[in-house]
Amino acid sequence: MNSFGMKLRFSTFGESHGKALGCLLDGVPAGLNIDEEYIQSELDRRKPGKSKFETARKEADKVEILSGVFEGKSTGTPIAMVIYNTNQKSKDYTNIKDVFRPGHADFTYFHKYGIRDYRGGGRSSARETAARVAAGAIAKLMLQELGITVLSGISEVAGIQAEDFNYEGAKKSVIYALDVNKEEAQKAAILKAKEAHDSVGGVSRVVIKGTPVGLGQPLYYKLDAVLADAMMGINAVKAVEIGDGVLSAKVHGSQNNDQIRANGFESNHSGGILGGISNGEDIVLNVYFKPTPSIFKEQHTVTTANEEVDFSLKGRHDPCVAIRGTVVCESMAALVIADMILLNMGSKMDGVIKYYK
């Protein structure tokens, strides 16, 4: 499956070392101001090669809008966008043509499809997420019209946890660190792993502000369920928490319940979602990325003929995939919320009457 969403639906195409990748976004209402500079700025946040904390692969990630926009506004028809690959080095992967890289999707993709695209993982590569960021930028433009914002940053790297969450400060950090007091230690952990030809994991913290009460479609399209689905669909993500997450299992109900007064909730352990429906509080997610599986240490594996071999990987890879991954988390969250906004418009009869009369 290469599509996501119900009312606002997008599909992506392309491979890591193919000619191009892109997306088709359907369901955007007509009349939305399409700020192409903003869309490009979002892609620039995710693009590779910006610092020593990322892969050395340098891609311009220049987005081109092919359809669905006229004179700067959406037309209500599908918006197609393309991003051309310009810096592939497929020869870096010839030594693994018939070898499965541990921790990658090589093994499962081969056994599912019977085809081995060894050039950077082909369709399974995180390179595909550039298309999600392009689609997410348009979703953010929709949400901005409603006063809804999606923010994120890195709260943990290699077990070094943030104690403060400064989302505006994270925008200025080369690793999107939320806690300036932990940033240098987190950077050092990334570089130490990189110098050892290894990698580290990290945690992205996402907050969605300004959401109205009522988003979510119980029982089988709940807001928290779809957000978790969106995050788990991102490469290298292994766990997602909503609100207090796993900590909720360690406390009493009296500690976990968000008590209510006339002016709102007294706490936000639920992460802004109750019964699969937004309650008007900030929606908070923690998204856990595993260490980048592309490492340069010698490893044990098998070939496509099931022969045991030892091999060392070559190429250019992120020592901590969570850094650029947090931008993708933001984009997917925006797409989910925009989809839920459109779905919610018909939940009450008075809303339908108001629109048509």
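Author: Let's start with R316, which sits in the loop between β18 (308–311) and α8 (322–344). Helices (H or I, at least four residues) and strands (E, at least two) are DSSP runs, numbered from the N terminus. Bear in mind that this is a predicted model, where local features need pLDDT of at least 70, side-chain atom pairs count only at pLDDT 80 or more, and totals for chains, interfaces and linings use all residues. Residues are numbered from 1 along each chain as its sequence is written, and side-chain values use heavy atoms, with hydrogens and water left out.

Although R316 is in a loop, the residue is buried, with a relative accessible area of 19%. Buried means under 20% relative accessible area, exposed over 50%, and partly exposed in between (1.4 Å probe, protein chains only).

R316 belongs to a list that UniProt, in an unreviewed entry, gives as "binding site", together with R123, S124, S125, N235, A236, G275, K290, P291, T292, P293 and S294. These positions are spread over 194 residues of sequence and also in space, up to 43.7 Å between C-alpha atoms. UniProt positions are in the numbering used here, feature names are shortened, and annotations may be inferred rather than shown by experiment.

Leaving aside residues up to four places away in sequence, S125 touches S16, G120 and N235 (contact means heavy atoms within 4.5 Å).

R46 lies in helix α1 (residues 36–46) and is buried, with a relative accessible area of 3%. Not counting residues up to four places away in sequence, R46 touches D61, A126, R127, T129, A130, V133, R324, V327 and V328. K52 lies in the loop between α1 and β4 (63–67), and with that sequence limit again applied, K52 touches L191 and K194.

Now for the charges around here. The structure holds 18 salt bridges, where a salt bridge is a side-chain nitrogen of Lys or Arg within 4 Å of a carboxyl oxygen of Asp or Glu. One of them joins E330 to R45, with the closest N and O atoms 2.9 Å apart. E330 is in helix α8 and R45 in helix α1, so this pair ties together parts that are 285 residues apart in sequence. E330 is buried, at a relative accessible area of 4%. The pair is also part of a salt-bridge network that links E42, R45, K140 and E330.

R116 is buried at 16% relative accessible area, and D106 counts as buried at 3%. For a contrast, look at R261 and E266: their side chains meet in a salt bridge (3.5 Å, N to O), yet R261 is exposed and so is E266.

Helix α2 (residues 106–113) also holds Y109, which is partly exposed, with a relative accessible area of 33%.

Last stop, the sheets. Five strands form an open antiparallel sheet in the order β9-β8-β10-β16-β11. β9 (160–161) and β11 (237–242) stand at the edges with a single partner strand each, so one side of each has no neighbour in the sheet. Strands pair if DSSP finds at least two bridges between them. Five bridges join β11 to the antiparallel strand β16 (residues 283–289), and the bridge partner of V240 in β16 is V287. Another open antiparallel sheet has five strands in the order β1-β2-β3-β7-β4. Its edges are β1 (3–4) and β4, each with a single partner strand, so one side of each is left without a neighbour in the sheet. Two bridges join β1 to strand β2 (residues 9–14), running antiparallel, and S3 stands opposite S11 in β2.
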